[in-house]
Amino acid sequence: MAKVYIVEGPMKGQTLQFDEEVVFVGRSSNNDIQINDDTVSRRHLKIFKLMDSYFVEDLKSKNGTFINGKALNPGQSMQVDDNDLVSMGRTQIRLVETPSMNPFDDLSRTAFENEEKQETGSTENEKRAWSNREMGMVQKTVEFLKAPLPLEGFVGKLLEILLETLPRIDRVAILLFDEKGEQIKEVFAKPRRADHKGKVGYSRTIVQEVLKHKDPVVMHHSAHDGPASDPEDGDTQEIQSAMCVPIISNEKLYGAVYMDGLEGPRAFRQKDLSTVKTLADLAAMALEKHRKG
């Protein structure tokens, strides 16, 4: 059972407990957890459990949701534990008695904080370098989309570009859904290293969450095994971090881009999400064209 402890706001000091897999939080009495704060939206955010971890998703609230002072994009899910401070309007909450998402104790958290400090103090040249890398990815994608590649060749190129653009990820997969966007139809995957060959799976739970809600899911510091596409293929490696972004065009779900890190708790940074979204948008247009034939 998890609890929401209200750190600041009109209800400061109160503790609200829940044991549901999904709970909605907001000002309205229709929510599972009601917050009496006029700066909180009627339905402000969603807390849901994925495997043994808890995630927070902003529901397009008026004043936004912040995790440790950083804005959470509407529709984006971010993993939290009892060390994280979630802010909405004047109210600040913590989820307490939740499993820690950090399997490396304070060492990984310190390393991530140092990484954030380095990013904050990055030079203009470093910022331009990142911009150039992202621009290069877009240009490469646009160029090969002009060529009449078969589906397998098209998806293979996307996998290569992702591995090249995001140096921290260990595995990447593109999952294509059926015409209704309800079931996984095909999976194309690629590992970074040869010793990962034959072990290219994906977390079913994360992909199913994206398929269901059509929103990105970001997971850090996961201490759980990621079920592979085939449960008998022997992929029992622990996923340390994962990201999954839907491929959508004209509100139609074509598939998802999935990637994870097996050997480190931070396989990607926050800004990588926008990079993958850009590629997913390009992929969606190509898949739409491909299906129309």
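1. Arg-171 counts as buried, at 1% relative accessibility, where buried means under 20% relative accessible area, exposed over 50% and partly exposed in between, with a 1.4 Å probe and protein chains only. Its salt-bridge partner is Asp-260, with the closest N and O atoms 2.8 Å apart; a salt bridge here is a side-chain nitrogen of Lys or Arg within 4 Å of a carboxyl oxygen of Asp or Glu. Because Asp-260 lies in strand E18 (residues 252-261) and Arg-171 in strand E12 (residues 171-177), the pair ties together parts that are 89 residues apart in sequence. Asp-260 is buried as well, with a relative accessible area of 0%.

2. A word on the basis of these values: this is a predicted model, in which local features need pLDDT of at least 70 and side-chain atom pairs count only at pLDDT 80 or more, whereas totals for chains, interfaces and linings use all residues. Residues are numbered from 1 along each chain as its sequence is written, and side-chain values use heavy atoms, with hydrogens and water left out. Helices (H or I, at least four residues) and strands (E, at least two) are DSSP runs numbered from the N terminus.

3. The salt-bridge count comes to 6. One of them joins Asp-37 to Arg-90, the closest N and O atoms being 3.5 Å apart. This pair links distant parts of the chain, 53 residues apart, with Asp-37 in the loop between strand E4 (33-34) and strand E5 (45-50) and Arg-90 in the loop between strand E10 (86-88) and strand E11 (91-96). Asp-37 is buried, with a relative accessible area of 2%, while Arg-90 is partly exposed at 47% relative accessibility.

4. A further salt bridge is that of Lys-12 with Glu-8, whose closest N and O atoms are 3.7 Å apart. Lys-12 counts as exposed at 53% relative accessibility, and Glu-8 counts as partly exposed at 31%.

5. The nonpolar packing deserves attention, a nonpolar core being a set of buried Ala, Val, Leu, Ile, Met, Phe, Trp, Tyr and Cys residues joined through side-chain atoms within 4.5 Å. The largest such core has 52 residues, and those with the most contacts inside it are Ile-47, Ile-247 and Met-259. Leaving aside residues up to four places away in sequence, Met-259 touches, among others, Leu-162, Arg-171, Phe-268 and Val-276, contact meaning heavy atoms within 4.5 Å.

6. Two helices can be checked against their expected span, which is 1.5 Å times one less than the number of residues. Helix H3 (residues 151-165), with 15 residues, should span 21 Å, and its end C-alpha atoms are 21 Å apart, which agrees; its buried residues include Phe-154, Leu-158 and Leu-162. Helix H5 (residues 272-292), with 21 residues, should span 30 Å, and its end C-alpha atoms are 30 Å apart, which agrees. Among the buried residues of H5 are Val-276, Leu-279 and Ala-283, together with Asp-272 and Glu-288.

7. Most residues other than glycine have a negative phi. Lys-60, however, has a positive phi near 55 degrees; Lys-60 sits in the loop between strand E6 (53-58) and strand E7 (65-67) and counts as exposed at 71% relative accessibility. Asn-68 likewise has a positive phi, of about 55 degrees, although it is not a glycine. Asn-68 is placed in the loop between E7 and strand E8 (70-72), and counts as partly exposed at 44% relative accessibility.
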